[in-house]
Amino acid sequence: MKEKIRMLQEELTQYNYEYHVLDTPTVPDAVYDRLLRELFDLEKEYPEYKTEDSPTVRVGGQILDKFEKVEHSTPMLSLGNAFNTEDLRAFDNRIRKVVNEVEYMCELKIDGLAVSLSYDNGRFTVGATRGDGTVGENITENLKTIRAIPLRIDATSNFEVRGEAYMPKSSFEKLNAAREANGQQVFQNPRNAAAGSLRQLDTSLTAKRNLSIFLYGLTHQEMFDIDTQSKSLEMLDELGFKTNKERKVAKNIDEVIKYIEYWQEKRMDLPYEIDGIVIKVNNLSAQEEIGYTVRSPKWAIAYKFPAEEVETKILDIELTV
Ligand code: NAD
């Protein structure tokens, strides 16, 4: 078993590198997700083989030397995953063991690249990728080409906002059509295209890619009069940031499941790609009470939509692992 765990750790580390650092994944996300879950289960059963740098405890990938490094003021974490209603109910049960009453904020899980934007005295100063969660890459100049990012806002305190930079479907289609016409390799999906575009050394290339962003988080929330995630999003709106308006507060897990079912059906109608739904405990003090693991908050979970990849491709790969 030790050997099997070690092989899974190595394999997932390689996939992480290809996905997060090179922006060119070699296996479908569904395969990665399944292997990661298998590793989680095995490490739980055999904790003696869990290592400090296992993909189950690390966030994202390594940092390239191409860009300067930026230390995040608070870590940029990953999210635990749910793949079915059973997982969601188990999550809800864990939450309600800690807090009696709970409301959930449901948000679309935008399929892009997590970024952090720092504002000093109302001025956008530094923009960074998530990197390994603690240290990211300084992509400020690339982010400045995104028109939805305000360069100045009406605030005097210093804080960071977090969100997902993405490539709208229409920009993606135009980009790939142009690349094909030029005999260049096409991007696999809007996420890879967005990630690749934001890590260009020539920012004029980034500017041509028509990227956008949705902000979903505010660090140092104590500086604002906020006690829920919904108010945090409203505050981001007030400050002039672009947030996603399809969000909804659910009174219980059944309402969360209805929201998921609705978007699972409607996701194709959106002008951008989503790969799931993020469910967050709405109350901020309840979030603190519930706490964190090293890798992700315990008060949130990402429900992943079933993969659309060609099954034969997935099966082929599975046979080799
Ligand atoms: P994740 O994508 O499961 O969840 C965390 C991320 O969700 C955050 O960092 C943020 O970027 C994003 N997000 C989008 N909308 C959000 C919202 N409203 N609120 C909060 N967060 C929101 O975890 P991850 O660690 O970023 O990456 C794992 C993902 O990458 C999985 O989808 C996995 O399949 C894929 N992956 C694939 C490969 C591969 O080889 N195919 C390798 C590594 C990772």
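Because the model is predicted, local features need pLDDT of at least 70 and side-chain atom pairs count only at pLDDT 80 or more, while totals for chains, interfaces and linings use all residues. Residues are numbered from 1 along each chain as its sequence is written.

Let's start with the overall layout. The protein chain is split into domain 1 (1-58) and domain 2 (59-320), with bounds that come from an automatic or database domain assignment. Their centres, taken over C-alpha atoms, sit 22 Å apart.

Now for the ligand. There are 24 residues around it, and Tyr15, Tyr19, Asp29, Ser78 and Ala114 come nearest; a residue counts as near if its C-beta atom, placed from the backbone, lies within 6 Å. Domain 1 and domain 2 each give at least three residues to this shell. The elements below each supply at least two residues. Helices (H or I, at least four residues) and strands (E, at least two) are DSSP runs, numbered from the N terminus.

| Element | Residues |
|---|---|
| Helix H1 | 2-21 |
| Helix H2 | 29-45 |
| Strand S3 | 104-110 |
| Strand S10 | 274-281 |

H1 gives the most, with 4 residues. By type, the shell has 12 nonpolar, 4 polar and 8 charged residues. Here Ala, Val, Leu, Ile, Met, Phe, Trp, Tyr, Cys and Pro count as nonpolar, Asp, Glu, Lys and Arg as charged, and the others, Gly among them, as polar.

S10 also turns up in an open sheet of 5 strands, ordered S2-S11-S10-S3-S9 with mixed pairing (two strands pair if DSSP finds at least two bridges between them). S2 (81-82) and S9 (248-250) are the edge strands with a single partner each, so one side of each has no neighbour in the sheet. S2 runs parallel to S11 (residues 300-304) over 2 bridges, and Ala82 stands opposite Tyr303 in S11.

What about the inside? Buried means 20 or more other C-beta atoms within 10 Å of a residue's own, with C-beta atoms placed from the backbone.

Ala194 belongs to helix H6, where it is among the buried residues. In H6 (residues 190-198), 8 of 9 residues are buried.

Definitions and conventions: A residue is buried if 20 or more other C-beta atoms lie within 10 Å of its own, exposed if 12 or fewer, and partly exposed in between; C-beta atoms are placed from the backbone.
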